[in-house]
Amino acid sequence: MIRNASGHIVKLDGSATEMLKWLSQFYNFTYSAFQTNTTVIESKPNQPGLISHLLQGDIDILISIAVTRSRMPFLDFSHPALYIPISYLIPVPDSFVKVEAVVKPFQPEVWLALTLAIPCVVLALSLLYRNANIFPGFRNPSRVNKKPRWGHTSFYVLGTLLNQGGYLYAKFSSFYWVGGAWCIVTFVIVNAYNSTLISHVTLPNAPPLIKSIYDLRNRPDVRFVTERNLNVDAVLLSADTGFLKFLGDRLREYPQSRCNSTRECVEMVKSGSHVYSSGITSFLYRAMKEDYDATGQCNLQLKSGNYFFLQVPWAFPKQSQHMKYFNRGIMQMREAGLVDFWIRRFQADARKCLLKQHTPRMKKQIDKQLGLDNLIDSQSNRLLISDSMKAKISFSGSLDQQ
């Protein structure tokens, strides 16, 4: 619905308007919008609401109005034209750098095994080189005196582990097999570590404001907000039991919880510590798109609460002769899939932000740290395909062939 500067309705738009158009063509009747500046549904002192105009006969039907216990004595409701799972908007959590992300990729047992393996490999290579003359295949005794110090071997082991490479002079097969085995191990460890570390660093790591709408029970610092006088507001304020009553009490205790417009609710969400829920999901999609177009970034995150399904019928005066025809027409539109088609047609395109908010789901899988069994399986797979992928390990010199 679009109004001009004076408050008059100049255009009707949306899925409800399309339903009304279809019904007017199906039953061959005409309609017009009731021109009024009021947006209040129930009457207030010195301010008549839309329901009072309906009861006085000024209008014949109210479109998309929620059923409440206080409205049932003097209104008749059609079959629900819409079944809406109530969703809500929360601010996108800020990302921050975690120092512990450096050790996140591996489980403690992997770090322990790696810590023990490094000195063992350094010791093995050093002893092999210092006693090279006792191994078969060594045919150049003059070079035995060129023994590297312990630091040389340590730099080689650590250099290959840090993916920097290394150099040691080798002339016999025992040294070759130990060094080659260490290169294969570091190849697996380095690739597994780097790929997992990138995932930990690039994905959002800050927890959301709330993970479920039911978290509001234990979060008095988080405020629940919605538009004043719209469907969610009416249903929650009239609830007298269960979780809906709890949300209604939260609306009453916080004076600013009932916004005058969708934009006002969105600004409260962006300020932090506010959750915004609307009975019209297209409002939430449109709010996300408008904010993205204005700021160039996604500041809002859509969550499907499903804490209740809002049934949105059309309201008639008691004993209205029109209701049976509208009931039949609404059922035919729903059966033909027209209602869902019109909802998708008028839904704002917020896919840029919706796709980004799905990445935290991947984080649940990435947060699983790699253990020894994962690395062993990975190394076995690499050895099985070694015919097609050959690791190039460079040693100075070559083996003497018999």
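These are my notebook entries on a predicted model.

**Entry 1. The whole chain**

I started with the secondary structure and found 14 helices and nine strands in the chain. The chain has 402 residues, and 40% of them count as buried. I then looked at contacts between residues at least 6 apart in sequence, and 77% of these join residues at least 24 apart. A search of the whole structure for salt bridges gave 13.

**Entry 2. Helix 1 against helix 10**

I looked up how helix 1, residues 15–27, lies against helix 10, residues 323–336. The two pack at an angle of about 115 degrees, and their axes are 10 Å apart. I noted the crossing of helix 1 with helix 10 as right-handed.

Which residues of helix 1 meet helix 10? I listed Met19, Leu20, Trp22, Leu23, Phe26 and Tyr27. On the helix 10 side I listed Tyr325, Phe326, Arg328, Gly329, Ile330, Gln332 and Met333. I sorted the residues of this contact into 10 nonpolar, two polar and one charged.

**Entry 3. Helix 5**

I picked Thr186, which is in helix 5, residues 173–202. Thr186 has a relative accessibility of 5%, so I count this residue as buried, the limit being under 20%. Leaving aside neighbours within four places in sequence, I found Thr186 in contact with Thr160 and Leu161. From Thr186 to Leu161 I counted 25 residues in sequence, while their C-alpha atoms are 5.2 Å apart in space.

I took Arg219 and Asp221 to begin with; they form a salt bridge whose closest N and O atoms are 3.0 Å apart. Arg219 is partly exposed at a relative accessible area of 26%, and Asp221 is partly exposed at 43%.

Next I went to helix 7, residues 242–253, which holds Lys245 and Asp249. These two form a salt bridge, with the closest N and O atoms 3.1 Å apart. Why are Lys245 and Asp249 separated by about one helical turn? They are four residues apart in helix 7, so about one turn lies between them. An α-helix has 3.6 residues a turn, so residues three or four places apart point the same way. Lys245 is partly exposed, at 31% relative accessibility; Asp249 is also partly exposed, at 31%.

I noted another pair in helix 7, Glu253 and Arg250, which are three residues apart and separated by about one helical turn. The closest N and O atoms of their salt bridge are 3.3 Å apart. Is Arg250 buried or exposed? Arg250 counts as buried, at 7% relative accessibility. I followed the bridges from this pair and found Arg223, Arg250 and Glu253 linked in a network.

I looked up Thr262 in helix 8, residues 262–270. Thr262 is buried, with a relative accessible area of 18%. Not counting residues up to four places away in sequence, I found Thr262 touching Glu227, Tyr276, Phe283 and Ala287.

I then moved to Ser278, which is in strand 7, residues 274–278. Ser278 is buried, at 1% relative accessible area. Which residues is Ser278 in contact with, leaving aside neighbours within four places in sequence? I listed Ile86, Ser87, Thr226, Glu227, Val232, Phe283 and Leu284.

**Entry 4. Helix 9 and what follows**

I checked the length of helix 9, which has 15 residues, 281–295. At 1.5 Å a residue the helix should span 21 Å, and this agrees with its end C-alpha atoms, which are 21 Å apart. I listed the buried residues of helix 9 as Thr281, Phe283, Leu284, Tyr285, Ala287, Met288 and Asp291.

I went on to Cys298, in the loop between helix 9 and strand 8, the strand at 300–312. Cys298 counts as buried, at 17% relative accessibility. How many residues apart in sequence are Cys298 and Pro91? They are 207 residues apart in sequence, and 9.0 Å apart in space, C-alpha to C-alpha.

Technical notes
Residues are numbered from 1 along each chain as its sequence is written. This is a predicted model: local features need pLDDT of at least 70, side-chain atom pairs count only at pLDDT 80 or more; totals for chains, interfaces and linings use all residues. Side-chain values use heavy atoms; hydrogens and water are left out. The expected span of a helix is 1.5 Å times one less than its number of residues. Buried means under 20% relative accessible area, exposed over 50%, partly exposed in between (1.4 Å probe, protein chains only). Axes are lines fitted to C-alpha atoms, for helices over the stretch in contact, and angles run from 0 to 180 degrees between N-to-C directions. A crossing is left-handed if the near helix is turned anticlockwise from the far one by less than a right angle, and right-handed if clockwise. Contact means heavy atoms within 4.5 Å. Ala, Val, Leu, Ile, Met, Phe, Trp, Tyr, Cys and Pro count as nonpolar, Asp, Glu, Lys and Arg as charged, and the others, Gly among them, as polar. A salt bridge is a side-chain nitrogen of Lys or Arg within 4 Å of a carboxyl oxygen of Asp or Glu.
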